[in-house]
Amino acid sequence: MKQLINWIERGKPFFEKISRNIYLRAIRDGFIAGMPVILFSSIFILIAYVPNAFGFHWSPEIESILMTPYNYSMGILGLFVSATTAKALTDSINRNMESTSQINYISTMLASAIGFLVMAANPAEGGFLTGFMGTKGLLTAFIAAFVTVNIYKVCVKNNVGIKLPDEVPPNISQVFRDLIPFTLSIVILYAAELIIHSIMGVNVAESIGTLLAPLFSAADGWLGITLIFGAYAFFWFVGIHGPSIVEPAIAAITYANVETNLHLIQSGMHASKVLTSGTQMFIVTMGGTGATLVVPFMFMWLCKSKRNRAIGRASAVPTFFGVNEPILFGAPIVLNPVFFIPFIFAPIANVWIFKFFVDVLGMNSFSTNLPWTTPAPLGIVLGTNFQFLSFVLAIVLIVVDVLIYYPFLKVYDEEILEEERSGRSDSSLRDKVAENFNTAKADAILEKSGIKDTSAITSQVNVLVLCAGGGTSGLLANALNKAAAEFKEPVKAAAGSYGAHREILPQYQLVILAPQVASNYEDMKAETDKLGIRLAKTEGAQYIKLTRDGQGALAFVREAMK
């Protein structure tokens with residue numbers, strides 16, 4: 001097992017490089033920016049169809065009224081995502097361009113949106129046909145964004161544009177500088193649409209769906225879901241945020257399948273698509289990656305070790321809401337050979353059971369998108385419209401996960417108990433974890449005393465803590481704010497998600513990267529250096545210690561601001 005861990009660690013730089021790919025990052029950040037649209041539309045789905053589980057059905061007129069906001073939000077999601085993805089990719093490319101030669105993200109957003117409409121929205125009398133402007137057109141949205149931004153990049157780097165005299169106001173000059181790349185982008189995308197339409201008789205969006213239909217079907221099969229969701233846990237076990245690598249690659253499929261399931265339910269048919277966003281959030285990552293919902297409670301109630309029981313108590317609440325870093329790095333679970341098998345296998349077992357419920361027992365799959373912080377059992381029940389089988393499924397998954405983790409938990413608990421009996425504070429395993437996560441710096445900070453020393457912060461410092469989804473970062477931000485109030489230091493902290501930070505960045509003097517996004521340090525430094533903002537990154541065990549000790553977190557901020 002240790003040889004396997006060593007092999008995994010040697011491949012870590014390669015996996016980190018994949019997670020930092022600007023195109024995968026642009027897809028993910030584009031979805032984050034469009035999340036309000038997705039969540040807003042889901043409110044009306046819940047109102048319209050949850051009552052069906054209790055035998056109540058709205059009249060066709062009321063149902064139409066309830067679905068109108070959905071159709072004008074989720075129904076044109078592809079249009080929104082084409083623009084937000086272009087914005088995210090533009091920001092990434094601008095980091096490596098001269099400050100005096102930047103791509104205008106407003107222009108790329110507009111060009112990408114128009115290019116998407118050209119390829120996805122068939123004109124109809126009085127408007128557009130919207131069949132491929134929603135989730136079915138997401139792949140087309142990505143293509144429009146990538147092509148557009150790269151055309152702008154070539155034009156800006158080579159000074160291709162209409163130049164006006166210096167006397168012309170900058171805002172007017174910018175319009176003319178953008179005119180050539182704007183025109184080229186739309187013309188090239190329109191040419192692609194004409195060629196595809198002449199060959200296949202359908203638009204680009206529909207042709208992509210037709211060509212990739214076998215891939216979508218394979219991804220929804222037993223082997224596909226095993227590989228996809230096994231990869232989620234595998235990458236996190238290495239210490240890399242798995243969803244950052246896997247999620248962008250399947251996002252178009254998962255959200256399209258949710259809409260497909262909804263249409264099947266509306267038609268009175270079986271919602272059979274298993275690979276959905278709800279499956280990922282509430283089945284596979286039940287309580288966080290590794291299906292760890294049950295783990296903190298098992299640490300609390302089944303362990304004999306005082307240390308493990310304490311870790312369980314500290315981790316139970318955040319893990320219940322999908323923030324499982326306290327248990328991942330506090331136990332630790334990541335890079336811990338004892339937990340390798342259950343951490344990988346529990347998510348796979350969960351999705352296998354879910355597919356059995358859908359394919360064999362006839363349960364409807366997810367037809368609603370919910371916030372990822374929704375507790376997993378509630379997310380299962382709400383996302384599948386309160387079916388009786390959804391309650392049974394939630395119970396079965398909890399029982400199965402307990403059975404999977406139990407033998408490995410007992411082995412680990414015996415290890416820690418032996419340490420406690422012999423008076424040793426660290427095992428070779430935890431030494432190895434400490435080496436990987438560089439806890440020495442955190443330990444030194446936490447051991448410092450005298451918070452009100454000469455190094456105490458005297459001028460206002462605004463701190464932005466960034467993680468992958470805005471959940472983990474809240475743990476440290478809350479600890480900092482409480483400690484700042486207690487010790488009366490002028491520090492204010494806010495939590496955010498990496499990729500959705502760029503517009504608010506100038507408001508802060510310090511940015512702290514949580515472990516999931518620490519691999520983006522160099523990219524982030526390019527942004528913070530331009531603005532004169534300090535930047536600090538954290539490792540797993542170090543970060544968890546700081547979230548549990550506000551005084552130590554303040555000391556960390558003081559050190560970072562020196």
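I began with helix α13 (residues 295-302), where Val 295, Pro 296, Met 298, Phe 299 and Met 300 are buried. Buried means under 20% relative accessible area, exposed over 50%, and partly exposed in between (1.4 Å probe, protein chains only). Helices are DSSP runs of H or I with at least four residues, numbered from the N terminus.

I noted the ground rules. This is a predicted model: local features need pLDDT of at least 70, side-chain atom pairs count only at pLDDT 80 or more, and totals for chains, interfaces and linings use all residues. Residues are numbered from 1 along each chain as its sequence is written, and side-chain values use heavy atoms, with hydrogens and water left out.

Next I asked what covers α13. The cover over its buried residues includes α14, α15 (325-330) and α18 (388-422). Contact here is heavy atoms within 4.5 Å. I then listed partners of Phe 299, leaving out residues up to four places away in sequence; among them are Asn 308, Ile 311, Ile 327, Phe 339 and Tyr 412.

Phe 299 came up again in the largest nonpolar core, which has 54 residues. Phe 299, Phe 343 and Val 463 have the most contacts inside that core. I found a second, separate core of 38 residues, including Phe 15, Ala 231, Val 358 and Leu 382. A nonpolar core is a set of buried Ala, Val, Leu, Ile, Met, Phe, Trp, Tyr and Cys residues joined through side-chain atoms within 4.5 Å.

I looked for disulfides (cysteine sulfur pairs within 2.5 Å). The structure holds zero.

Then I turned to the largest pocket, with about 870 Å³ of space. Of its 47 lining residues, Glu 247, Gln 280, Met 281, Trp 372 and Gly 469 are the closest to its centre. Elements giving two or more residues to the lining are α3 (22-49), α10 (222-238), α11 (242-266), α12 (277-284) and α14 (306-320). A pocket is an open set of points on a 1 Å grid over the protein atoms alone, where a 1.4 Å probe fits, with protein on both sides within 12 Å along at least five of seven lines; lining residues have an atom within 4 Å of a point. The volume is the space filled by probe spheres set on the points, which are joined across faces, edges and corners.

Last, I looked up Asn 94 in helix α5 (residues 77-94). Asn 94 is buried, at 8% relative accessible area.
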